[in-house]
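Have the viewer open as you read.

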Amino acid sequence: MEKNRRLIWIDGKFVPWEEATVHVLSHSHQRGSLVFDYLAVYDTPAGPSVFRLNEHVERFLISIDLVGLPLSWTRENITEAILDTIRQNPNCRAVKISAYLASIEVDIVPANAHVTLAVAAYDPIGDVYGRKELEETQSKRPLKIWLEKEIRSRRKDILPPQAKVAAAYASPMAAKWSARRRGFDDVIFVDADGNLAEGPTNNVFLVDCKGVLRTPPDETVLLGVTRKSIIEIAGALGYQVSEAPLRPEELLSSKEAFITGTTAGLWPIGSVDGQVIGAGSPGFITKTLGTTFREIIQGENTQFSHWLTTVFDSSAGG
């Protein structure tokens, strides 16, 4: 579907793609106060399905609460708006939900506290860049990661890592942009204590020399829905999982490593700061988890079928 035929849900009404605009002087544009979440839509034997819809809506509402936006829409409103928007936009691959202060404001505290809710369902590649090809994440080469040593991950006393708010992505953008110019694919940050944290839009995992799957704890990272899923999948497959602080050198000495995220899925790490991780190619645990995850999102795994909400049957799982 061409982008000018897409419809975006805004405060209960569908508007054409080109008319889904906000003033350049809006509070959210100028202050970075927009809160968002991003969901994936997959083709399955049961039709288009949303991956872990309930968990994404919950995370969105947690972010709303952390930022303090007075959103009037309920959980049920948001869930139905997402499903309605997907139905109105055939062949979409992703959904972005946004809550923002559209009013023009002078002060940092808005005089007009109305929070606009918007839901867009679209193809991130075809609709944005005009291209239809979308490679399978699992077929891409292992990532070249830069371990960011100057810009730290978000501090809990400034902006909680769990808040998906626009302002939180300024420093990660600068760090990743710099890394890209030096030939790296992505970055991983450390937290205020020097422990491993996360990437700009993803979480990080490693497999240590004992075969334990390890990842930083909840309190220091964004509550990634894919991260949570991989932890649950690993447990179901019998792997030991540890959620505890990790030092950067533990990543460098790991046998395997990968990142997770809604866009990335599960993506292997081949090197960090130019140092090869393990064999430099996806290890056994990484490949096993990646294969299982792919089966789940394609609707081929009955054990985790409740993670998929069928768009044309909203009574399905979340």
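## Ground rules

This is a predicted model, where local features need pLDDT of at least 70, side-chain atom pairs count only at pLDDT 80 or more, and totals for chains, interfaces and linings use all residues. Residues are numbered from 1 along each chain as its sequence is written, and side-chain values use heavy atoms, with hydrogens and water left out.

Helices (H or I, at least four residues) and strands (E, at least two) are DSSP runs, numbered from the N terminus.

## Helices α2 and α3

Two packed helices are described by the angle between their axes and the distance between the axes. Here, helix α2 (residues 53-67) packs on α3 at an angle of about 125°, and the axes are 10 Å apart. Axes are lines fitted to C-alpha atoms, for helices over the stretch in contact, and angles run from 0 to 180 degrees between N-to-C directions. That makes α2 and α3 oblique to each other; angles under 35 degrees count as roughly parallel, over 145 as roughly antiparallel, 65 to 115 as roughly perpendicular and the rest as oblique.

On the α2 side, L53, V57, E58, F60 and L61 meet R75, I78, T79, I82 and L83 of α3, with contact meaning heavy atoms within 4.5 Å. Those residues split into seven nonpolar, one polar and two charged. For the classes, Ala, Val, Leu, Ile, Met, Phe, Trp, Tyr, Cys and Pro count as nonpolar, Asp, Glu, Lys and Arg as charged, and the others, Gly among them, as polar.

## Helices α6 and α8

Helix α6 (residues 225-236) and helix α8 (residues 284-297) have axes that come within 10 Å and cross at roughly 110°. The two, α6 and α8, are therefore roughly perpendicular to each other, and α6 passes α8 in a right-handed crossing. T226, I230, I233 and A234 of α6 make the contact with L289, T292, F293 and I296 of α8. By class, that contact of α6 with α8 has six nonpolar, two polar and no charged residues.

## Two serines

S49 sits in strand β4 (residues 47-51). Is S49 buried or exposed? S49 counts as buried, because its relative accessibility is 1% (buried is under 20% relative accessible area, exposed over 50%, partly exposed in between, with a 1.4 Å probe and protein chains only). The side chains of S49 and T44 are joined by a polar contact of 3.2 Å. A polar contact is a pair of N or O atoms within 3.5 Å; within protein, one must be able to donate a hydrogen and the other to accept it, and residues adjacent in sequence count only if both atoms are side-chain atoms.

S103 lies in the loop between β5 (94-100) and β6 (116-122) and is buried at 14% relative accessibility. Its side chain makes a polar contact of 2.6 Å with that of E105.

Most residues other than glycine have a negative phi. R52 has a positive phi of about 50°; R52 lies in the loop between β4 and α2 and is buried at 3%. D273 has a phi near 55°, in the loop between β13 (265-272) and β14 (275-276), and is partly exposed at 29% relative accessibility.

Finally, D84 lies in helix α3 (residues 75-88) and is partly exposed, at 29% relative accessibility.

Terms used:
Left-handed = near helix turned anticlockwise from the far one by under 90°.
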